[in-house]
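The following report describes the fold of one protein chain, from its overall form to a single residue. Please examine the sequence and the structure before reading on.

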Amino acid sequence: MKILIVEDEQNIAHFLKESLEAEYFAVDLAEDGEYGSHLAQINEYDLIILDDNVPKKDGIEVIREIREGGVAAPVIVMSHKDDSAHTIRLLNAGADDCLPKPFVLGELLARARALLRRPKTLEKPVYSIGDLTVNTRACTVTRGEKQVYLTRKEFMLLHYLMQNEGVVLSRGMILEHVWDMNTNIFSNTIESHMLSLRKKIGDYGNQRLIHTIPGRGYRIST
């Protein structure tokens, strides 16, 4: 899953990015409301975390603009203004949740997961195909009775494939959902990660689950 953080305080922004990446999210950063609104409307995000007091466009302006632009991703607003009137304005503008600053990371993560569990983005705890099982809560992977140890990106890549069982995913779609916008689209990072993933899950011969579709992308299916 992919998250956009709109935050002008660099220490907080990079702390959130590292913390969310440790939870197996891909993360993009924007340092002002104008750029954050732009990214939200040209990319597909599962969640947006927005500081209410960013330069160029404040939180309410950003929320109204992206909602008018058709962005449906849930938005958590972080605000220094801890008063009910301001919270009401944010919620009426289209925010899904508000969290006062300074915040507790554990609470932010819990609120983020709660929004991601909503029916529109319902996350299954366990995905299985053939004898391959991915547990998204425990972050474990097994093939048959054997536990498979993956890197963070390999796990995110496999999770995305499993979420879209039977669907051909292009390189662009995979880059969009598993890597951040700073990834070089001309690199072979997807191919190298896919090769490593296949080796680790023992994906060969009659047991192959990940299929390369020439000229189109990749698909996981039995």
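The protein contains 8 helices and 11 strands; helices (H or I, at least four residues) and strands (E, at least two) are DSSP runs, numbered from the N terminus. Its radius of gyration is 19 Å, close to the 17 Å that the globule rule gives for 222 residues, so the protein is as compact as a globular protein of that length. This radius is taken over C-alpha atoms, and the rule is 2.2 Å times the number of residues to the power 0.38.

The model is predicted: local features need pLDDT of at least 70, side-chain atom pairs count only at pLDDT 80 or more, and totals for chains, interfaces and linings use all residues. Residues are numbered from 1 along each chain as its sequence is written, and side-chain values use heavy atoms, with hydrogens and water left out.

Buried residues make up 48% of the 222 residues, where buried means under 20% relative accessible area, exposed over 50%, and partly exposed in between (1.4 Å probe, protein chains only).

**The nonpolar cores**

A nonpolar core is a set of buried Ala, Val, Leu, Ile, Met, Phe, Trp, Tyr and Cys residues joined through side-chain atoms within 4.5 Å. The largest one has 28 residues, and L132, L158, L161, I174 and I220 have the most contacts inside it. Two or more residues of this core come from each of β6, β7, α6, α7, α8 and β11. The largest share, 7 residues, is that of α6. Apart from this core lies another, of 21 residues, among them V6, Y45, I63 and V77.

**Helix α8**

Helix α8 (residues 189–200) reaches 17 Å from its first C-alpha to its last, close to the 16 Å expected at 1.5 Å a residue; the expected span is 1.5 Å times one less than the number of residues. In α8, the residues T189, I190, H193, M194, L197 and R198 are buried. They cover an arc of only 160° around the axis, which puts them on the same side of α8; the arc is that of the directions from the helix axis to the C-beta atoms. The elements below are among those that cover these residues, through contacts (heavy atoms within 4.5 Å).

| Element | Residues |
|---|---|
| α6 | 152–163 |
| α7 | 171–178 |
| β10 | 210–213 |
| β11 | 217–220 |

**Residue S79**

S79 lies in strand β4 (residues 75–79) and is buried, with a relative accessible area of 5%. Leaving aside neighbours within four places in sequence, S79 is in contact with D52, H86, L99, P100 and K101.
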